[in-house]
Amino acid sequence: TAAADTFAAAATDLQEAAEAAEAAAAAPAAASLVAPEAVATAATSQQLKEATEYTEEVLEPKSIQQRYEDAKVFLTSSAMGKGISIAAGLFLGATFVIASYRTYQKYSSPRAQRKRVIDKNKLLVEELSKYLPDRRSELASGVVGKLRRATGFTPVEVFRKYLWFMLRERKFDVAAVEDMVLLKQALGLTDDQVAEAFKERAQRIYDKYGTLMLNTEGMTPEGIERKATCQALFSKLLFLTEHEPLVAHGSEAFATTDLRMIFGAMDEDVEKLRLVSLYDIDMDRLDAMVDAADTDHGDVDQSGSR
């Protein structure tokens, strides 16, 4: 009986060992069946995670400040960035220098300078014409001082430029002469300065129209017209230089305004063209002599001054 029990126990142990061995052999096969599903599940989870991160990056772009900081770091830290910075700086610098040079050339060209002078001459005449002759009493030193600052002209230049306008485009009458006297006072000019303005204007008239000549026989029609203009301008300018309120007779300034020396005129020609009174001659005819021969009202000399 004891032996039988022992034998039964041994058989039971052998059976349990066999079952354990079978279970151990079946475990790898089961693991191989489960592994593909686990791998697929893990891969799907990783893809979802990456997609989520990508979606988050798209939905949250960098701010302008962040992009600026990134560009700043790139341009100041990397070799390529430094090279780009240097090249861009050289390009911008060269562009600025070229643009500045072209602007300077355009601004300082003779044509541009002449245009600026003509514009200032026009401004001067327009502003003074607001007061002369209708509002003559309002033309004070403050008005002409403001005009001088706007144009950059000296007192003598203001007087000379308005003198040219008056000789060419205003009717030469008593009112015109009185306006020149008032302008002298408003500008605070001395007799010497007025004489200087007369001499400068006389020289420019001579440079443009030549020697004073009354005998025009043998000249072309164009030449006759030019000499007629010269005669009319000479007569007006001679009257002003001999007008006592503008330049006192017997003064040193008066002695310098001898127009015969500038125009190469003979005494008899001067006497024929002298205006004794503005009431005794046909001033409309005298003014017409200027208009008929010369229509270039924007006359500007080589230095750019009118």
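Does Leu75 count as buried, partly exposed or exposed, and at what relative accessibility? The model here is predicted, so local features need pLDDT of at least 70 and side-chain atom pairs count only at pLDDT 80 or more, while totals for chains, interfaces and linings use all residues. Residues are numbered from 1 along each chain as its sequence is written, and side-chain values use heavy atoms, with hydrogens and water left out.Is Leu75 buried, partly exposed or exposed? Leu75 counts as partly exposed because its relative accessibility is 31%, and the cut-offs are under 20% for buried, over 50% for exposed and in between for partly exposed (1.4 Å probe, protein chains only).

This is a predicted model: local features need pLDDT of at least 70, side-chain atom pairs count only at pLDDT 80 or more, and totals for chains, interfaces and linings use all residues. Numbering starts from 1 along each chain as its sequence is written, and side-chain values use heavy atoms, leaving out hydrogens and water.

As for the overall fold, the protein chain has 13 helices and zero strands, where helices (H or I, at least four residues) and strands (E, at least two) are DSSP runs numbered from the N terminus. Of its 306 residues, 30% count as buried. The chain exposes about 19400 Å², with carbon and sulfur atoms supplying 59% of that area; areas come from the Shrake-Rupley method with a 1.4 Å probe, and for residues only the protein chains shown count as cover. Among contacts (heavy atoms within 4.5 Å) with a separation of 6 or more, 71% link residues 24 or more positions apart.

Back to Leu75, which sits in helix H2. Together with Phe74, Met80 and Ile84, Leu75 forms a nonpolar surface patch with about 370 Å² of accessible area. Helix H2 (64-77) and helix H3 (79-108) each give two or more residues to this patch.

One backbone detail also turns up: the Leu132 to Pro133 peptide bond is cis, with omega near 0°. Pro133 lies in the loop between helix H4 (110-129) and helix H5 (141-151).

Technical notes:
Patches are made of residues with over 30% relative accessible area and no salt bridge: like charges are joined within 9 Å, nonpolar side chains (Val, Leu, Ile, Met, Phe, Trp, Tyr) within 5 Å. A salt bridge is a side-chain nitrogen of Lys or Arg within 4 Å of a carboxyl oxygen of Asp or Glu.
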